[in-house]
Amino acid sequence: MKNLLKFTLIGFFWILVWYILALIIDLPLIFPSPLSVIIRLGELLTKWGFYKIALLSFVRIIIGIFIAVCGGCFMAFICSLSKIIYDFFIPLVSIIKSTPVVAFVFLVNLFIGSEKTVIFICFLMVFPIVFANVYQGIKSTDKDLLEMCKLYKIPLLKRASSLYLPSVTPFFISSLLTSIGLAWKAGIAAEILCTPTISIGYEIFNAKQYIEYIDLFAWIVTVVILSMLFELITSKILKVVLSKKHIKTEG
């Protein structure tokens, strides 16, 4: 209840800031007030098309995150086995991190279409973060304990669950929660640029084109809410899974 009250007060504070800015700017067609945006969002919530649009954008972004998490963990494990593999692979990660998202969107959209481009862009945003953090987690595993495991010929699966997993878990959770927001921003940006027909990005693009800024703000609020909800749900699931594993380990 304390956390709920705290976040409610924080939310009201920023809505108040938004309201004051709207009064100062005094251009409701360009910078609408919170009340007008909330009313418009309420209208959108009564339409079936809104849920279809939000769901498809949500699915594209989640698929991109899922593929990136699996790929990042797998490549981190492979690179941890050999310094040569790491040296060959790390330039590709650096290229992905340094190349602007817009360049990838325009290039990839030519070959795989708009919907797959959104998934690919989310993958590119999340993959380097997961890879770097999981690799660091593997490398931070206690070397003495690893040598002991080799000496006593403890099976690889046992080593993974007892040594690598506890070491990697904090890094993995941090990378996942950090990259969720980035994936949403990049995914919606990709939708705006390559405009798949049924998507939040397409609605934002149309709202900007036709100067319907109340709709623009309503869809932006929708993106923020979806991103925050997904991050909250993910963190709760991780806490439940980790707590169950901890209880099982103690037992």
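Welcome! The model is predicted, so local features need pLDDT of at least 70 and side-chain atom pairs count only at pLDDT 80 or more, while totals for chains, interfaces and linings use all residues. Residues are numbered from 1 along each chain as its sequence is written, and side-chain values use heavy atoms, with hydrogens and water left out.

- Helix α1 covers residues 2-25, which is 24 residues (helices are DSSP runs of H or I with at least four residues, strands are runs of E with at least two, and both are numbered from the N terminus).
- From first C-alpha to last, α1 reaches 35 Å, close to the 34 Å expected at 1.5 Å a residue; the expected span is 1.5 Å times one less than the number of residues.
- Just after α1 comes Asp26, in the loop between α1 and α2.
- Asp26 has a positive phi near 55 degrees, in a residue other than glycine, and is exposed, with a relative accessible area of 56%.
- Thr195 also belongs to a loop, the one between α8 and α9 (200-209).
- The phi of Thr195 is positive, about 40 degrees, although Thr195 is not a glycine.

**Salt bridges**

- Side chains of opposite charge can pair when their charged atoms come close.
- The count here comes to 5 salt bridges (a side-chain nitrogen of Lys or Arg within 4 Å of a carboxyl oxygen of Asp or Glu).
- One of them joins Glu43 to Arg40, with the closest N and O atoms 3.0 Å apart.
- Glu43 and Arg40 are separated by about one helical turn because they sit 3 residues apart in helix α2 (residues 34-45).
- Glu43 counts as partly exposed at 39% relative accessibility, whereas Arg40 counts as buried at 17%.
- Arg40, Glu43 and Asp215 are linked in a network of salt bridges.
- Another salt bridge pairs Arg60 with Glu191, where the closest N and O atoms are 3.1 Å apart.
- This pair links distant parts of the chain, with Arg60 in helix α3 (residues 48-81) and Glu191 in helix α8 (residues 156-194), 131 residues apart.
- Both Arg60 and Glu191 are buried.
- Lys83 and Asp87 also meet through their side chains in a salt bridge, at 2.8 Å from N to O.
- Lys83 and Asp87 are 4 residues apart in helix α4 (residues 83-98), so about one helical turn separates them.
- Lys83 counts as exposed at 54% relative accessibility, while Asp87 is partly exposed at 38%.

**Aromatic rings**

- The structure holds 14 aromatic pairs (rings of Phe, Tyr and Trp, using the six-membered ring of Trp, with centres within 6.5 Å; planes under 30 degrees apart count as stacked, over 60 as edge-to-face and the rest as tilted).
- One aromatic cluster is formed by Tyr86, Phe89, Phe120, Phe123, Phe127, Phe131 and Tyr135.

**A nonpolar surface patch**

- A nonpolar patch of about 1100 Å² is made by residues including Leu16, Tyr19, Leu21, Leu27, Ile30 and Ile211.
- Patch residues have over 30% relative accessible area and no salt bridge; like charges are joined within 9 Å, and nonpolar side chains (Val, Leu, Ile, Met, Phe, Trp, Tyr) within 5 Å.
- Accessible areas come from the Shrake-Rupley method with a 1.4 Å probe, and for residues only the protein chains shown count as cover.
- Leu21, one of the patch residues, is in helix α1 and is partly exposed, with a relative accessible area of 38%.

How values were computed
Buried means under 20% relative accessible area, exposed over 50%, partly exposed in between (1.4 Å probe, protein chains only).
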